[in-house]
Amino acid sequence: MPRKPGKHTPYFELVDAQSQSGCPICRLAYKATSRYLDSLLYEAVLDPDVRDKLKNSQGFCAAHVDVLTRKPGRALGVALIYRDILRAVADTLDKADFQREPSPLSRLLRKGSGGNATTARLQARAQCPACVISEQSERDYVQLLLAHLDDEKLYTAYSQGEGLCLRHLMVAMEAAPDEAAFRRLIEPQSERYRVMLRDLDEFIRKRDHRFQGEKYGEEGDVWLRVMNTIIGGAGMGLSAKSGGRRSPNLDD
Ligand SMILES: [Zn+2]
Ligand SMILES: [Zn+2]
């Protein structure tokens, strides 16, 4: 049996994240990835080897480029990283040959629609490194949650929190080590869905012109929370659980 992970900083982060709006795994994976990007930007300025490795992935995916553009102090690191990438792209392009017949590799990449050996060389050869970190940290936090769901403090926080997005719920269900952990995972989630459905009914009822004068209660932001619940992310809307206070956004 694998050793149960200890109660270190990630455990306390996990307990704490339950009381914030949105999926705690999304939130923690985002934070871990954001920390990684900060250190990578710092190292990329100092170390050409760090930049060299980033040439394989051609930098970052669109989602992580979006994160980078919102980071303070990112400009020099980004410029240095992408100068190396663009140099490699420009050098490849300078050596481009016109080819009527697609090469076997380009045929594979372009699914037989024709192509060119140069376009194959212009493809990224590795996954976005921030995605790698994000996926690893999602797996780690899901394992930590499952390992400590029998812990009163975490279970209470999980039961009272906004719960997991659908994707992370499914990851956790697949990884649940036994029936007891599986039940502790899904029962609070199922209850949350019922509460949210009641909130949605109430919200939709109040949008009817006959009830327009009625004030909104906890259901006021349910249209935002329900998107968090299905697609993930965190920081949309308010947290009904925290008395309608806005939880810190992902970047805060
Ligand atoms: Zn999630
Ligand atoms: Zn990425």
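**Briefing: an all-helix chain and its packing**

From the N terminus on, the elements of the protein chain run α-α-α-α-α-α-α-α-α-α-α-α, which amounts to 12 helices and 0 strands. The model is predicted, and every value given here is computed from it. Of the 252 residues in the protein chain, 26% are buried. Where contacts join residues at least 6 apart in sequence, 68% of them link residues at least 24 apart.

**Nonpolar cores**

- In soluble globular proteins, nonpolar side chains tend to be buried together.
- The largest nonpolar core in this chain has 22 residues, and those with the most contacts inside it are L14, I25, L28, A29, Y141 and L145.
- Helices α1, α2, α8 and α9 (152-160) each supply at least two residues of this core, and the largest share, 6 residues, comes from α2.
- Leaving aside residues up to four places away in sequence, L14 touches P24, L28, Y141, L144, L145 and L154.

**Packing of α1 against α2**

- Two packed helices are described by the angle between their axes and the distance between the axes.
- Helix α1 (residues 9-17) packs against helix α2 (residues 24-46) at an angle of about 130°, and their axes are 9 Å apart; that angle makes α1 oblique to α2.
- The crossing of these two helices, α1 and α2, is right-handed, and the contact is made by E13, L14 and A17 on the α1 side and by P24, R27 and L28 on the α2 side.
- Sorted by class, the residues of the contact of α1 with α2 comprise 4 nonpolar and 2 charged, with no polar residues.
- L14 and L28 are therefore named both in this contact and among the residues with the most contacts inside the largest nonpolar core, as read with the angle that makes α1 oblique to α2.

**Packing of α8 against α10**

- The axes of helix α8 (residues 129-147) and helix α10 (residues 166-175) come within 10 Å and cross at roughly 60°, and the two helices are therefore oblique to each other.
- Helix α8 passes α10 in a right-handed crossing, in which E138, V142, Q143, L145 and L146 of α8 make the contact with H168, V171, A172 and A175 of α10.
- The residues of the contact of α8 with α10 fall into 6 nonpolar, 2 polar and 1 charged.
- L145 of α8 takes part in this contact and is also one of the residues with the most contacts inside the largest nonpolar core.

**Packing of α11 against α12**

- Helix α11 (residues 179-206) and helix α12 (residues 222-231) pack at an angle of about 145°, with 10 Å between their axes, and their crossing is left-handed.
- On the α11 side M196, D199, L200 and F203 meet V222, W223, R225, V226 and T229 of α12.
- This contact of α11 with α12 divides by class into 6 nonpolar, 1 polar and 2 charged residues.

**A loop residue with positive phi**

- Q58 is found in the loop between α3 (48-57) and α4 (62-69), and Q58 has a positive phi of about 55° although it is not a glycine.
- Q58 counts as partly exposed because it has 19 C-beta neighbours inside 10 Å, whereas a residue is buried if 20 or more other C-beta atoms lie within that distance.

Notes
Residues are numbered from 1 along each chain as its sequence is written. Chains are lettered from A and ligands numbered from 1 in the order in which they are written. This is a predicted model: local features need pLDDT of at least 70, side-chain atom pairs count only at pLDDT 80 or more; totals for chains, interfaces and linings use all residues. Axes are lines fitted to C-alpha atoms, for helices over the stretch in contact, and angles run from 0 to 180 degrees between N-to-C directions. Helices (H or I, at least four residues) and strands (E, at least two) are DSSP runs, numbered from the N terminus. Angles under 35 degrees count as roughly parallel, over 145 as roughly antiparallel, 65 to 115 as roughly perpendicular and the rest as oblique. A crossing is left-handed if the near helix is turned anticlockwise from the far one by less than a right angle, and right-handed if clockwise. Two residues are in contact if their C-beta atoms, placed from the backbone, lie within 7 Å. Ala, Val, Leu, Ile, Met, Phe, Trp, Tyr, Cys and Pro count as nonpolar, Asp, Glu, Lys and Arg as charged, and the others, Gly among them, as polar. A residue is buried if 20 or more other C-beta atoms lie within 10 Å of its own, exposed if 12 or fewer, and partly exposed in between; C-beta atoms are placed from the backbone. A nonpolar core is a set of buried Ala, Val, Leu, Ile, Met, Phe, Trp, Tyr and Cys residues joined through C-beta atoms within 7 Å.
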